[in-house]
Amino acid sequence: MDSHRWDAATAYVGSVFGNEDQVLLDLKRSALEEGIPDWAVSADLGRLLLVLAKTTPGRRALEIGTLGGYSTIWIARGMHPDDAVTTIEMDDRHADFAERQFTRAGLAERITVQRGPALDVLPEFIRENPPGSIDLVFIDADKESYPEYYRLTRNLV
């Protein structure tokens, strides 16, 4: 695909599934200003997360790796207004930043941040959530632990 077609396709997807609004743009700017690593997913992947969340039949999502909350906001926006997202973040500074962003986005009451290394947090989360109780799991944390995150969460979906 040449760059003209790519740009046209990206513009179309953005027009159908949403562009980054001021909340998301400000989040990215503030994250850089506060020294949050620039590892957030792209807007295109954010839109995909929104679409995937919209297609789920249930009411719960789990994200492993919050960082600044960018992808969490996309997921929460794709879910029904009374749906809930739990996100796990090991760095308190990142979790604090993300919680401020969730408030700014008007989503704080629907998003729970669980703090700590995911491999430490997940066993309790799994005990509290029976198999099949989670509709979407987004794993975006330390890459070497992906196989274990998958093994631990696959029965939740």
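# A guided tour of the model

Start with Ser 145, which sits in the loop between strand E4 (136–139) and helix H7 (146–153). This is a predicted model, in which local features need pLDDT of at least 70, side-chain atom pairs count only at pLDDT 80 or more, and totals for chains, interfaces and linings use all residues. Residues are numbered from 1 along each chain as its sequence is written, and side-chain values use heavy atoms, with hydrogens and water left out. Helices (H or I, at least four residues) and strands (E, at least two) are DSSP runs, numbered from the N terminus.

**Stop 1: Ser 145**

Stay on Ser 145. Its relative accessible area is 11%, so it is buried (under 20% relative accessible area; exposed is over 50%, partly exposed in between, with a 1.4 Å probe and protein chains only). Now show Asp 142. The side chains of Ser 145 and Asp 142 make a polar contact at 2.5 Å. Such a contact is a pair of N or O atoms within 3.5 Å; within protein, one must be able to donate a hydrogen and the other to accept it, and residues adjacent in sequence count only if both atoms are side-chain atoms.

**Stop 2: Thr 153**

Thr 153 is buried, at 3% relative accessibility. Its side chain reaches the backbone oxygen of Tyr 149 at 2.8 Å. Beyond residues up to four places away in sequence, Thr 153 touches Leu 62, Ile 64, Leu 122, Val 137 and Ile 139. Contact here means heavy atoms within 4.5 Å.

**Stop 3: Glu 63**

Next, select Glu 63 in strand E1. Is Glu 63 buried or exposed? With 0% relative accessibility, Glu 63 counts as buried. Not counting residues up to four places away in sequence, Glu 63 touches several others, among them Ser 71, Ile 75, Thr 86 and Phe 138. For a distance check, pick Val 13: its C-alpha atom is 23 Å from that of Glu 63, and the two are 50 residues apart along the chain.

**Stop 4: Tyr 70 and Trp 74**

Which aromatic pair is edge-to-face? Select Tyr 70 and Trp 74: their centres are 6.4 Å apart, with 70° between the planes. A search of the whole structure finds one aromatic pair. Rings of Phe, Tyr and Trp (its six-membered ring) pair if their centres lie within 6.5 Å; planes under 30 degrees apart count as stacked, over 60 as edge-to-face and the rest as tilted. Because they are four residues apart in helix H4 (residues 70–78), about one helical turn separates Tyr 70 from Trp 74. Both are buried.

**Stop 5: Phe 97**

Go to helix H5 (residues 92–104) and pick Phe 97. Phe 97 is buried, with a relative accessible area of 1%. Leaving aside neighbours within four places in sequence, its contacts are Leu 27, Ser 30, Ala 31, Glu 34, Ile 36 and Gly 68. Asp 26 lies 71 residues away along the chain, and its C-alpha atom is 12 Å from that of Phe 97.
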